[in-house]
Each structure stands twice: as C-alpha cells, then as structure tokens.
Amino acid sequence: TATMKSLRFISAEAFVSNAEFARKSLGSVAHNLFPLLFKASYLLEQGEVIHDLVENWPFVDFNIGKLLGTTVDYQEDLSHRTCSVCLESCLTGLRDYVLNHPSPFVKRLKVVDLTGIKDVEVQFCECKKTMGRWARTQLLSKLCVELLVYLQQRPCNPGIFEISIDVLIDLFVTERNYELVVQALLKKCYCPLKICCVALRSDSLALQKFFYITKLIDPSLLRKLEIVHNVRLEMEHLEMLFNSIHFPLLMSLTLPARTFNVRRFTATDERMLTNIGEKMGKMTQLTELSMSFSILTGRIQKLLSPLKTPLKMLDVSNCSLNHADMAYLANSFHANHLEALDLSGHNIPDLYPSTFFKLLSHSSSVLRSLTLEDCNIQDTHVNMLILSLSPCQKLQEFRFLGNPLSSQALKHLFTFLCELPMLKNVEFPVPRDCYPIGITYPIDDACLCRFDHQKYESVAEELNLILLQANREDVKASTPLFGSYDAAVQETNNELGAYLMKSFKETLEKFTTSLNKMS
C-alpha cells in the first residue's frame, strides 16, 4: 500500500524519535541518509531534528517537494503537510546553515526549492497549525532581513559572505507584509540567502505597490502571476505592465475581476486590447489564463488568437461571452489542448448548446477539470450534458454548483458519472426541490442557506449510495455552498475583509462628497 514503510524508514523513525540522541549523533551519520532522516522527522514533526538536518545539509540542493514526495522507502506524499513546526524549523535551519558553521569552505548548498509545498484544506499533522504561502513569504523575508542585520552588527567569518544560496519560493504579497518583502528584495544582493520568486500572488495591495514589487522580483524567473481581488488593475494598467516588464517564462496568468469591460470600449480601448493580445502572444510559455468576472463579449478571439502556444487552462467564468466567443473557442487550436475549463455564469443550454458540445468533443481527450457553476442547467438539459461529457474519459473534477437541478435529475446524472473512470471530485448543487417553491436562480447569498437541510442530507446520502453501489468510493462528492476551498483566501481572509470594508468606506465618502457638491 501507499503507506508501507521500508525497514530503512522504520529505522530512521526510531532514530529521530529521540530528538536529543539524534541531534548529538548527526555528525557521524552518512550523508546519503540525510534525505531519509528528513522525511522521517517531518512525518513525526521533530522540529529540532529538522532544524539540525537543514543546518548541516551536505548536498548542493535542497528540494522540499522531492524530499517529502513519494520515495522508495515511504511512498506517501507529505508535501501537502504545511506543518508550522516543520516549516519554521526548515527555514530557521537554513538561516543557521549560513551562520553556525566553523568552516564555511565545506558548504555546498546552492539552491533551496520551497515551491513543492501544496496548501490543502485538511491537514494531517499533529500540531494542526499550518504555515500557508503568505506566512512562508513573511518568515523567509523576516529571516533574510534579520540575517543581514546580524552580519552587519557582529564580527563574522569572512567566508560567510562567499555563501550564495538561491531560495526558490512562491511569494504571496499583501499590504500587511509588503514592507518586509520589499526590504528583503532590495537587499537581496548583500544577503547570502537570495529570494528567487518563481510565482507571485498579489492581493489587497495598492496598484503602485504592485508595480514596484513586480519590478523588484526578477520577472525573467517568474512562471506564475496571480493578481487577485483587491488589486484594482484595469486594462490600461495591464498594458503598462506588459509594455514595461517582460515575462519570458510566464506560464500562468490570473487577472482580477473587471480588468476588461468592453461595454464602455472606445477606439483607443480596442487598440489597447489588440496590444495586450500581441504582448501575450510573445509569452511563448503561457498555457494557463484566468480572466473571470471581466466583460469580454465578442473579444475573446482578439485576445487569444495571437497566442502561439495552446492554452491548457482557461477560466472565462462570468465574462458575458456571446455565440461568436464560444464558436471561436470551439474551433480554435486551444480546444484540443484544454485540460481545465471554467465556463461558469453562462447560460450554456439556451445560448450555445451545439458550440459547447463541439468544444467538449474537441477537448475530451485531455480534459481533466470542468466547472459549470450557475449555468442554468435544468432537468431537461441533463441528457444533453451526459452526451457532452461521455467522451471526456480523463475527467477528474466536475463542478456544477448553482444549477436548478432536482433530486431526480442529480441521481440520473450521478449514475452516469460513475462511468467516468478517472473522476475523483464532484461538486453538486443543493437540489432545487430542497429550496422553497418559487426560488429564483442564480440564488443570492442571503437565500443560499435557506433550504431543507434534512432533505438535502437524505438526497446526498442517496447520491453517495449510487457511487458506493458502482464501486466508486474513490469519488468525493460535496456541496461547498460558498465555492471551493481556496488556501490563499482562507489564510488572509481577515485582511481581505478589512480591505473590502476600507474600499466600501472610501466609495461611500466619495458618493457623499459628490452629493454635497450637487446640493
């Protein structure tokens, strides 16, 4: 089984379980056993042993994703355990690797890769305290700044200044940690630990600060850029960004809501959109694009046709696409390569059923994730949906929350879903018959929870029984009322809420000022 341990791993667990003994004995441990001991220590949450292993790391590279991933001695992947005790011990161990060696000349470490850590909803670590992406950004920046202060204030071995370690990390910058991250990046050339940003997520940040942080990181290394929620980026700002900064390795781009709004387009805006499309066309690695909650009616072709590389992931949820947009997507070279597609918020059955069918048939050989939330899929459309999904034999995730489907229709659909061999995750809506008669769709947040919970539980039980009887216990079916889990939002929801309140207050003040001027 996946959790079977070799005798070597069992021995490693026994060794690190006595932290005091293990720490004293590390000096006589063969170097090739360090990776094994690291994974065993991580599993048992032996923070002090993890710290000392990293402090004395004997290899050129330290890749946490590989170290915690599937190994011969213990196949379970631990990279989804963002245990605070373990990760803090890793990072402080890295700082002390620089500081605490009598002979820096034997140091070999050149690259530390922290990008393999996966933030998930359910944690299995004993301490139950996680260190998310924002907290990892905060701690690494803090350690880099403190390390520089320490080196400036105390006499150190000159050899320390010869140490140069690239630390690859996915940065998450908000207003709250902005100043600290900027300090660390500004002094990067003087610090033995050099932050190398591979992915950047920016949220709750003033536009000027976002531009500054984007220039401070080395954009030539950036593979993923997420600009979300409270960064007020509009189309003219996006054009400025692409004109001033080059992203040769960018593979994934997420833009905030309302970046585009074609309803108020002028001739200048049309030229701007064309320029943005051409700039994205020069990003030869770009395969993932998310533009949700922008208004892009009739402009998808203009934006996507310059791309030289086919997209593997496309999120155009709530983008007010028309028939021409869907026809372009269905016939474009992107269709045959789409592994993840989000068309939520579009009335698919009424507006473009045939083009949707065509799009799915073209992407069916590779499609792994499909999201169709709030698409007005009703009982009468279920057979059409089944027909569209039938070729998608590689589908792993199917999300269709917010659609007005009855309990009976859901049972019919689940009977079919059992036949998709790779399916692992289904997010289904609360059945329409669990809500009061006359409920209108899409259901607003205030009414979302006002359904017959007892009846829902009964239906959910029946749906799980359908999976069970088809020997599909491997499929997880759920109804996350307020959307799928987002680790980044979960970690910073307090700051996000405060920023939204601040924005709302500013808007009210502007409105009041305008009213006063009018009167």
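## Around F398

Leaving out residues up to four places away in sequence, F398 touches L370, L372, L385, L389, L413, L417, L423, N425, V426 and E427; here a contact means heavy atoms within 4.5 Å. Before we go further, a word on the model: it is predicted, with local features needing pLDDT of at least 70 and side-chain atom pairs counting only at pLDDT 80 or more, while totals for chains, interfaces and linings use all residues. Residues are numbered from 1 along each chain as its sequence is written, and side-chain values use heavy atoms, with hydrogens and water left out.

Buried means under 20% relative accessible area, exposed means over 50%, and partly exposed lies in between, with a 1.4 Å probe and protein chains only. As general background, nonpolar side chains tend to be buried together in soluble globular proteins.

L389 belongs to helix α16 (residues 382–389). Helices (H or I, at least four residues) and strands (E, at least two) are DSSP runs, numbered from the N terminus. L389 counts as buried because its relative accessibility is 0%. Setting aside neighbours within four places in sequence, L389 is in contact with L360, L370, L395, F398, F416 and L420.

## Aromatic rings

The whole structure holds 15 aromatic pairs. Rings of Phe, Tyr and Trp (its six-membered ring) pair if their centres lie within 6.5 Å; planes under 30 degrees apart count as stacked, over 60 as edge-to-face and the rest as tilted. For F38 and Y42, the ring centres are 6.0 Å apart and the planes stand at 45°, so this pair is tilted. F38 and Y42 both lie in helix α3 (residues 34–43), four residues apart, about one turn of the helix, and both are buried. W57 and F59 make an edge-to-face pair, because their planes meet at 75° with the ring centres 5.7 Å apart. W57 is buried, at 3% relative accessible area, whereas F59 is partly exposed, at 25%. Ring pairs link F34, F38, Y42, W57, F59 and F62 into a cluster.

Two arginines also sit over rings. R176 lies over the face of W134, 4.2 Å from the ring centre, and the charged end of R201 is placed over the ring of F172, 5.3 Å from its centre. A charge counts as over a ring if NZ of Lys or CZ of Arg is within 6 Å of the ring centre and within 35 degrees of the ring normal.

In strand β4 (residues 193–202), 10 of its 10 residues are buried. β4 pairs with strand β3 (residues 165–173) in the parallel sense over nine bridges; strands pair if DSSP finds at least two bridges between them. Opposite S202 in β4 stands V173.

S252 lies in strand β6 (residues 252–254) and counts as buried because its relative accessibility is 4%. A polar contact of 3.0 Å joins the side chains of S252 and E288. Polar contacts are pairs of N or O atoms within 3.5 Å; within protein, one must be able to donate a hydrogen and the other to accept it, and residues adjacent in sequence count only if both atoms are side-chain atoms. Apart from neighbours within four places in sequence, S252 is in contact with R223, K224, L225, L286 and E288.

## Helix α13 and its cap

The N-terminal end of α13 is capped by N322, which has a side-chain oxygen 3.1 Å from the backbone nitrogen of A324. Within α13, D325, M326, Y328, L329 and A330 are buried. Their cover includes α12 (300–304), β8 and α15 (353–363).

## Backbone points to check by eye

Most residues other than glycine have a negative phi, and most peptide bonds are trans. S320 has a positive phi near 55° and is found in the loop between β8 (313–315) and α13 (323–331). S320 counts as partly exposed because its relative accessibility is 26%. N471, also not a glycine, has a positive phi of about 60°; this residue lies in the loop between α18 and β13 (476–478). At 59% relative accessibility, N471 is exposed.

The bond joining Y441 and P442 is a cis peptide bond, with omega about -5°. P442 lies in the loop between β12 (425–427) and α18 (453–469).
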